[in-house]
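Open the model in a viewer and follow the stops below in order. Each stop says what to select and what is found there.

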Amino acid sequence: MIDSLTNEQLCELVYQDRISSHSKGLGDQAFEILYTRNLPTTIGQIARILTQVSQSASDAEFIANGVMMRVYQAIRKGRFDATRSYTPWVKQITRNSIVD
C-alpha cells in the first residue's frame with residue numbers, strides 16, 4: 001500500500017511521476033499522503049519559530065501550506081535526494097520560507 005511508504009519513498013514517487021509516463025497519478029497520490037502526514041508537524045514548527053521572532057503564530061497554517069507547495073515543486077524538479085532524510089530537508093525549507 002502506498003500509505004505505508006516512508007516520506008523518502010513518497011518523494012521518489014512524486015519525482016518519478018514527473019519524468020515517467022508509466023506512473024501517472026501515483027505522484028499526486030504520494031504527495032497527498034506526504035501533505036496529510038506532515039502538515040501538522042510543519043504547522044507546529046512554524047508556530048514555534050514565529051513566536052520566537054515575535055510574529056503571530058496564527059500565520060502558521062498559511063505559511064505551512066506555502067512550505068508544502070515549495071516541497072512539492074522541489075521534489076518535482078528533482079531537488080530531493082531520496083537517499084537522505086526527508087525531515088531535515090523540509091525543516092530547512094520551512095526556515096527559508098519564514099525568512100522570505
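**Stop 1: H2 against H4**

Select helix H2 (residues 26-52) and helix H4 (residues 86-99): their axes lie 10 Å apart and the packing angle is about 50 degrees. H2 is therefore oblique to H4. The model is a predicted one. The crossing of H2 past H4 is right-handed. To see the contact, show Leu34, Asn38, Thr42, Gln45, Ile46, Ile49 and Leu50 on H2, then Tyr86, Val90, Lys91, Thr94, Arg95 and Ile98 on H4. Coloured by class, this contact of H2 with H4 shows seven nonpolar, four polar and two charged residues.

**Stop 2: H2 against H3**

H2 passes H3 in a crossing that is right-handed. On the H2 side, the contact residues include Phe31, Leu34, Leu39, Ile43 and Ala47; on the H3 side, Ala64, Met68, Val71 and Ile75 are among them. The contact of H2 with H3 has 16 nonpolar, three polar and two charged residues.

**Stop 3: the core**

Which residues touch the most other members of the largest nonpolar core? Select Phe31, Leu34, Ile46, Val71, Ile75, Tyr86 and Trp89, out of 27 residues in that core. Helix H1 (7-19), H2, helix H3 (60-76) and H4 each give two or more residues to this core. H3 supplies the largest share, nine residues.

**Stop 4: Leu34**

Finally, centre on Leu34. Setting aside neighbours within four places in sequence, Leu34 contacts Asn7, Leu10, Cys11, Leu39, Met68, Ile75 and Tyr86.

Notes: Residues are numbered from 1 along each chain as its sequence is written. This is a predicted model: local features need pLDDT of at least 70, side-chain atom pairs count only at pLDDT 80 or more; totals for chains, interfaces and linings use all residues. Side-chain values use heavy atoms; hydrogens and water are left out. Axes are lines fitted to C-alpha atoms, for helices over the stretch in contact, and angles run from 0 to 180 degrees between N-to-C directions. Helices (H or I, at least four residues) and strands (E, at least two) are DSSP runs, numbered from the N terminus. Angles under 35 degrees count as roughly parallel, over 145 as roughly antiparallel, 65 to 115 as roughly perpendicular and the rest as oblique. A crossing is left-handed if the near helix is turned anticlockwise from the far one by less than a right angle, and right-handed if clockwise. Contact means heavy atoms within 4.5 Å. Ala, Val, Leu, Ile, Met, Phe, Trp, Tyr, Cys and Pro count as nonpolar, Asp, Glu, Lys and Arg as charged, and the others, Gly among them, as polar. A nonpolar core is a set of buried Ala, Val, Leu, Ile, Met, Phe, Trp, Tyr and Cys residues joined through side-chain atoms within 4.5 Å. Buried means under 20% relative accessible area, exposed over 50%, partly exposed in between (1.4 Å probe, protein chains only).
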